[in-house]
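Please keep the sequence and the model at hand while reading.

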Amino acid sequence: MTTVGWGLNWPITKYVLSEWPPLPARGLTGIVGALTLAIYALLRGQSLRLPADQRWRVLVSAFLNVTLWMAVMGLALLWLPASEAAVIAYTMPVWTALLAWPLLGERLTPLRVLALVMAFGGITALMGGDGFAASLAKLPGILLALSGAFGFAAGTIFLKRFPISLPGATSAAWQIGLGCLPVAIVGLAIEQPSFAALSEAGWACLVYMTFIQFCVAYVCWFAALERLPASVAAIGTMAVPVIGVVVSATALHEPLGIGQIAALILTLAGVVLATRS
């Protein structure tokens with residue numbers, strides 16, 4: 001459910017950015033999604049109380065898994081097609097496998113080194129596919145997407161090392177709400193979104209981002225992390241860039257050439273090696 005929800009969200013977010021600025025689009029939908037989850041938790045009889053010993057864990061996880069991801073990935077889409085941003089972003093399982101070595105005591109094997117090389121090979125294929133000048137133009141987006149992937153991997157490791165002892169909906173509501181609040185504040189301070197600028201399709205995309213991306217996909221992701229090892233949970237996201245690339249090519253008419261296909265194959269192969277090692 002997480003994979004499908006996040007995979008479809010890439011082209012959907014790219015479409016929204018044609019009508020709304022990135023930070024308000026990501027931040028405001030997250031706040032509404034968090035409030036929805038909070039109401040859902042209350043209706044199920046769950047407490048929204050945040051114990052003192054859980055607060056720092058929630059804050060750190062909210063920053064790594066939500067704030068950083070939402071901000072940099074929204075901005076990356078200003079420079080990159082949704083398909084290419086999705087491929088770079090989901091090098092996250094590779095970084096997760098590498099970070100698990102020093103932080104969780106999992107050994108760095110030759111397969112993990114090869115996985116890293118293949119993941120970078122995928123990024124190189126994207127950068128070289130449209131020529132050097134085009135690659136330089138995309139460089140800010142590539143760096144932003146990489147920083148988001150690394151931050152999300154760090155957040156995955158953090159949650160395995162310091163799990164949050166809260167009911168699922170309550171935990172997700174706090175993390176999403178606290179994570180998206182600074183994104184929304186900064187976005188509204190520097191950009192002025194107009195509801196009048198939204199088409200019917202734009203409104204539908206915002207509804208999807210609010211209730212599917214946040215209320216469904218994030219809750220399922222946090223639930224998966226509670227039940228699975230970090231590397232096994234990460235492998236479940238492998239299909240996200242596949243969905244993102246295919247749907248972006250179909251719905252947004254983004255290019256699906258040799259560079260994109262090579263990047264997808266290399267990146268997914270690196271992810272498979274990282275999670276199997």
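## Terms and basis

A residue is called buried under 20% relative accessible area, exposed over 50%, and partly exposed in between, with a 1.4 Å probe and protein chains only. By that rule Glu 84, at 2% relative accessibility, counts as buried.

The model is predicted, so that local features need pLDDT of at least 70 and side-chain atom pairs count only at pLDDT 80 or more, while totals for chains, interfaces and linings use all residues. Residues are numbered from 1 along each chain as its sequence is written, and side-chain values use heavy atoms, with hydrogens and water left out.

## Salt bridges

A salt bridge is taken here as a side-chain nitrogen of Lys or Arg within 4 Å of a carboxyl oxygen of Asp or Glu, and a search of the whole structure finds two of them. In one, the side chains of Lys 138 and Glu 84 meet at 2.9 Å, N to O. Lys 138 lies in helix 7 and Glu 84 in helix 4 (residues 82-89), so this pair ties together parts that are 54 residues apart in sequence. Helices are DSSP runs (H or I, at least four residues), numbered from the N terminus. Lys 138 is buried, with a relative accessible area of 10%.

Glu 226 forms a salt bridge with Arg 227, where the closest N and O atoms are 3.6 Å apart; Arg 227 counts as exposed at 61% relative accessibility.

## Aromatic pairs

A pair of aromatic rings is described by the distance of the centres and the angle of the planes. Rings of Phe, Tyr and Trp (its six-membered ring) pair if their centres lie within 6.5 Å, and planes under 30 degrees apart count as stacked, over 60 as edge-to-face and the rest as tilted. The whole structure holds 14 aromatic pairs. Among them, the rings of Trp 56 and Phe 158 have centres 5.7 Å apart and planes at 85°, so the pair is edge-to-face. It links distant parts of the chain, with Trp 56 in helix 3 (residues 52-76) and Phe 158 in helix 7 (residues 132-161), 102 residues apart. Trp 56 is partly exposed, at a relative accessible area of 40%, whereas Phe 158 counts as buried at 11%.

Phe 195 and Trp 203 form a stacked pair, with 5.6 Å from centre to centre and 15° between the planes, and Trp 203 is partly exposed at 40%. One aromatic cluster is formed by Trp 6, Trp 10, Trp 69, Phe 152, Phe 214, Tyr 218, Trp 221 and Phe 222.

His 253, whose phi is positive, near 60°, follows helix 11.

Leu 264 has its place in helix 12 (residues 258-276) and counts as buried at 14% relative accessibility. Leu 264 and Met 238 are 26 residues apart in sequence and 10 Å apart in space, C-alpha to C-alpha.

Key
Helix = DSSP H or I, 4+ residues; strand = E, 2+ residues; numbered from the N terminus.
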